[in-house]
Amino acid sequence: MSNNGMKTDVILIGAGIMSATLGSLLKELVPDWKITVLEQLREPGVESSNEWNNAGTGHSALCELNYTPERSDGSIDIKKAININEQFQLSRQFWSYLVDKGLIKHPEDFVMPLPHMSLVQGEKDVEFLKKRFEALSKSPLFSGMEFSNNPDKLKEWIPVIMEGRHSDEPIAATKIDSGTDVNFGALTRTLFDHLREKDVTINYNHSVKNMKRTSDGSWELKVKNLESGTVEYHTAKFVFLGAGGGSLHLLQKSGIPEGKGIGGFPVSGLFMVCNNPEVVEKHQAKVYGKAKVGAPPMSVPHLDTRYIDNKKSLLFGPFAGFSPKFLKTGSYFDLIRSVKPHNVFNMIGAGVKNFSLTKYLIQQVLLTKEKRMEELREFIPEAKSEDWDMVVAGQRVQVIKETEAGGKGTLQFGTEVVSAADGSIAALLGASPGASTAVHVMLEVIAKCFPERMQEWEPKIKEMIPSYGRSLSDNPALAKEVLERTAKTLGLINSYQEA
Ligand SMILES: Cc1cc2nc3c(=O)[nH]c(=O)nc-3n(C[C@H](O)[C@H](O)[C@H](O)COP(=O)(O)OP(=O)(O)OC[C@H]3O[C@@H](n4cnc5c(N)ncnc54)[C@H](O)[C@@H]3O)c2cc1C
């Protein structure tokens with residue numbers, strides 16, 4: 001590689017929500033740093049961050065039952081739910097800061113208030129939901145949640161789901177009005193508009209092919225300009241691999257020891273979209289059910305009101321499936337190309353350990369539309385096939401690695417920041433809880449890669465995100481203030497109630 005290319009302080013690879021968030025945070029912390037974005041597609045927010053490629057749930061554990069497992073003694077563990085809610089509050093505060101400063105003009109373009117509900121059937125699950133409700137209600141972050149097992153009440157909350165339901169099986173739901181529908185595609189595009197105004201250089205149609213360290217510890221990237229067909233070299237002191245499913249390949253190209261051994265397991269997604277305006281109009285919530293036995297946590301079915309392309313829509317899914325691609329616009333060779341001598345045992349281990357999951361995902365891909373309608377009818381008993389179309393969602397690449405608890409080839413369902421010891425490069429792997437926790441994860445990147453600057457930057461971080469470093473759950477007064485203020489700025493519903 002030559003060394004006479006374009007020099008900058010920071011390179012963000014990928015124009016998704018993660019790079020958008022990191023760039024926006026850094027521009028507030030160090031406005032004079034030069035930032036360059038390299039994106040291989042023609043515009044921002046086309047891959048997983050696009051509104052049609054993800055479920056748009058502002059994940060805050062208000063309705064996702066997999067964040068509150070039942071312990072063996074029957075009690076409910078709410079630790080993970082609190083953690084995820086706290087992380088979402090960081091996003092709400094940062095977005096509110098950008099709105100208050102006039103850097104984002106119209107929050108309603110990307111975040112809308114929407115009740116979050118959990119729905120279960122059968123005595124055992126109703127009992128579980130009641131215990132979950134009681135446990136969460138003790139935390140200020142879940143204040144205002146309601147529980148009901150009264151079919152008349154449920155008819156008020158979710159008429160489309162209750163119509164034509166004749167079973168005598170017990171049924172129950174929780175509802176909280178402070179939930180959100182987030183259009184992460186719109187948010188990504190808004191943040192990139194904002195970054196361009198702040199003099200960030202954004203290069204679309206630029207695909208990063210390789211990278212190496214230079215003698216002064218910077219990174220030199222070999223980049224294909226897809227418009228001109230030429231090869232460019234870009235150098236920076238800090239590089240963020242925010243390439244979504246493409247990050248694993250780039251991490252492997254970097255050769256950093258921290259990336260050794262890691263593999264990726266791609267999971268595809270599919271939604272059903274309602275094309276009947278009458279049905280769309282009658283429903284107003286995100287309703288999460290329980291995952292089927294053998295299903296991965298990211299394929300918990302949910303029926304969601306969404307706000308996309310300036311109109312209300314109704315989506316069901318996502319149905320998880322298997323595809324060897326790491327990006328929706330990726331290649332069928334992505335999975336095989338990611339197998340390296342250093343991760344081959346983890347990949348084989350994951351294949352053996354997750355045989356039933358792989359089988360499940362392949363079976364899901366082969367489902368006919370009518371079979372998918374049967375799953376939908378568990379939510380909407382009277383759903384008609386002609387009212388629903390299918391759309392392909394984004395790809396999620398789950399991390400495979402060796403862990404102390406799981407040994408070789410353990411499949412991780414969370415998000416993971418992998419960074420070099422000297423903080424010169426960081427990659428974001430995994431996709432869950434995903435875009436909702438972008439601010440939390442990008443603050444983690446900043447803390448890992450710029451530890452020497454954290455003391456200097458902390459006052460600014462606290463100005464943007466007042467609860468940074470503090471637990472809202474343990475501090476009801478602060479929780480009340482943060483929930484009230486961010487709800488007002490973002491046009492959301494504040495369901496906080498004094499204990
Ligand atoms: C089906 C599904 C449902 C989901 N539901 C939710 C949800 O309800 N709530 C939630 O919070 N999260 C959800 N997520 C997760 C969320 O969408 C992702 O975590 C988030 O969008 C990831 O953002 P990103 O910026 O890392 O990646 P992306 O948005 O995928 O962006 C990566 C970018 O990098 C570019 N790129 C890749 N390789 C290169 C290269 N070599 N050179 C240059 N550019 C490159 C790509 O073109 C792409 O534009 C869901 C995801 C899926 C797939």
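Asn205 sits in the loop between strand E8 (201–203) and E9. In this predicted model, Asn205 takes a positive phi of about 55 degrees even though it isn't a glycine. Most residues other than glycine have a negative phi, and most peptide bonds are trans. With 15 other C-beta atoms within 10 Å, Asn205 comes out as partly exposed.

One residue in contact with Asn205 is Asn225, which also touches His206, Thr230 and Glu232 once its neighbours within four places in sequence are set aside. Asn225 belongs to strand E10 (residues 219–225). Asn225 and Val208 are 17 residues apart along the chain, and their C-alpha atoms are separated by 8.9 Å.

Ala61 is found in the loop between strand E2 (35–38) and helix H2 (79–100). Ala61 counts as buried because it has 25 C-beta neighbours inside 10 Å.

| Site | Angle |
|---|---|
| Asn205 | phi about 55 degrees |

Now for the ligand. It is surrounded by 42 residues, and the closest are Gly14, Gly16, Gly244, Gly246 and Gly434. Helix H1 (17–29) and strand E9 (206–213) are the elements that give two or more residues to this shell. Which of them gives the largest share? That is H1, with three residues. Sorted by class, the shell has 19 nonpolar, 20 polar and three charged residues.

H1 also packs against another helix. Two packed helices are described by the angle between their axes and the distance between the axes. For H1 and helix H6 (residues 184–197), the axes come within 9 Å and cross at roughly 40 degrees, and the crossing is left-handed. On the H1 side, the residues involved are Ile17, Ala20, Thr21, Gly23, Ser24 and Lys27; on the H6 side, they are Phe184, Leu187, Thr188, Leu191, Phe192, His194 and Leu195. By class, that contact splits into seven nonpolar, five polar and one charged.

The largest nonpolar core has 132 residues, and the members that touch the most others are Ile13, Leu241 and Met442. Two of those three meet directly: Leu241 is in contact with Ile13. Beyond its neighbours within four places in sequence, Leu241 also touches Ser247, Leu250, Leu251, Ala426, Ala427 and Leu428.

Ser247, Leu250 and Leu251 are among the buried residues of H7, along with Leu248, His249, Gln252 and Ser254. Why is H7 (residues 247–254) largely enclosed by the rest of the structure? Seven of its eight residues are buried, so that is how the helix ends up enclosed.

How values were computed:
Residues numbered from 1 in each chain as written. Predicted model: local features only at pLDDT ≥ 70, side-chain atom pairs only at ≥ 80, totals over all residues. Near = placed C-beta within 6 Å. Helix = DSSP H or I, 4+ residues; strand = E, 2+ residues; numbered from the N terminus. Nonpolar A, V, L, I, M, F, W, Y, C, P; charged D, E, K, R; others polar. Core = buried A, V, L, I, M, F, W, Y, C linked by C-beta atoms within 7 Å. Buried ≥ 20, exposed ≤ 12 C-beta atoms within 10 Å, placed from the backbone. Contact = placed C-beta atoms within 7 Å. Axes fitted to C-alpha atoms, helices over the stretch in contact; angles between N-to-C directions. Left-handed = near helix turned anticlockwise from the far one by under 90°.
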